[in-house]
Amino acid sequence: SAGGLADGVTGVVSCLVNASDSLPRYCEQYESVWAAAAANSAAQPSPRMLNTRIASAPSAREVLRLHAEFGSTFNEVHLSTSWRRLSRLATAPERRLFQREPALLAPLRLQTTGSLLLLRRRWGARAVASTAHSLAKLSLHGESWEELWRGITLAIPPLLSSFTAQALANTAWAYSRTGRASPPLLHALASEATPRLSEF
């Protein structure tokens, strides 16, 4: 719900309120936008239009602003697109900030985790593989990210036959890049890839 996600945003604000003034004030945009969004649900764009806006966001800040405003309506496609866009747009300082302050991405992280763990059947191969690849590109791993990675790991096996060769390669790279030891999953990826070597 919007209220539940707003509580997560409050945590972000609390986390950064005493931080260095040089840090980007992502927290402030969350706090102000959520109140307006909750009172203006009629302004919600269609799912397709929302995904287009996320995919064309010009900055990491805008991706997070869109999630702050419309996150309560995000589905698995919106979530995956958000991570992919963040991985492409985040500057080096922003990446370091995301790694140092896990709470900054808590609303998006927790919503994605919940969706993967509770609504796994809605996720397609492309969305799962893309999310894993994006998290690895952003170097987002460690204790705060463990549940999200667990959700991804559980979602992959039933979808492997639908993975493209590129998705298989990207997923294997993501697990190697983040140092995640998951022998059963890596074996499954290799087994799926072996008969399809001509596609790589």
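Me: What does L154 touch, not counting residues up to four places away in sequence?
Reply: L154 touches L117 and R120. This is a predicted model. Contact means heavy atoms within 4.5 Å.

Me: Where is L154 found?
Reply: L154 sits in helix α9.

Me: Why is L154 called partly exposed?
Reply: The relative accessible area of L154 is 37%. Buried means under 20%, and exposed means over 50%. The value for L154 lies in between, so L154 counts as partly exposed.

Me: What makes S139 count as buried?
Reply: S139 has 17% relative accessibility. The cut-off for buried is under 20%. S139 therefore counts as buried.

Me: Where does S139 lie?
Reply: S139 is in the loop between α8 (125–137) and α9 (146–155).

Me: How do you know that the buried residues of α6 line one face of the helix?
Reply: Start with the residues. In helix α6 (residues 92–100), the buried ones are E94, R95, L97 and F98. Seen down the axis of α6, they fall within an arc of 160 degrees, so they line one face. An α-helix has 3.6 residues a turn, so residues three or four places apart point the same way.

Me: How much space lies in the largest pocket, and which residues are closest to its centre?
Reply: The largest pocket holds about 310 Å³ of space. It is lined by 16 residues, and R84, R126, A129, S130 and N170 are the closest to its centre.

Me: Which helix gives the most to the lining of the largest pocket?
Reply: Helix α8 does, with 7 residues. At least two lining residues come from each of α5 (76–89), α8 and α10 (165–177).

Me: How do the residues of that lining divide into nonpolar, polar and charged?
Reply: The lining of the largest pocket has 4 nonpolar, 8 polar and 4 charged residues.

Me: How many helices and strands does the protein have?
Reply: The protein has 11 helices and 0 strands.

Me: What share of the residues in the protein is buried?
Reply: Of the 200 residues, 46% are buried.

Me: What share of the contacts with a separation of 6 or more joins residues 24 or more positions apart?
Reply: Such residues account for 74% of those contacts.

Technical notes: Residues are numbered from 1 along each chain as its sequence is written. This is a predicted model: local features need pLDDT of at least 70, side-chain atom pairs count only at pLDDT 80 or more; totals for chains, interfaces and linings use all residues. Side-chain values use heavy atoms; hydrogens and water are left out. Helices (H or I, at least four residues) and strands (E, at least two) are DSSP runs, numbered from the N terminus. Buried means under 20% relative accessible area, exposed over 50%, partly exposed in between (1.4 Å probe, protein chains only). On a 1 Å grid over the protein atoms alone, a cavity is a set of points where a 1.4 Å probe fits but cannot get out, and a pocket is an open set with protein on both sides within 12 Å along at least five of seven lines; lining residues have an atom within 4 Å of a point. Grid points are joined across faces, edges and corners, and a volume is the space filled by probe spheres set on the points. Ala, Val, Leu, Ile, Met, Phe, Trp, Tyr, Cys and Pro count as nonpolar, Asp, Glu, Lys and Arg as charged, and the others, Gly among them, as polar. The arc is that of the directions from the helix axis to the C-beta atoms.
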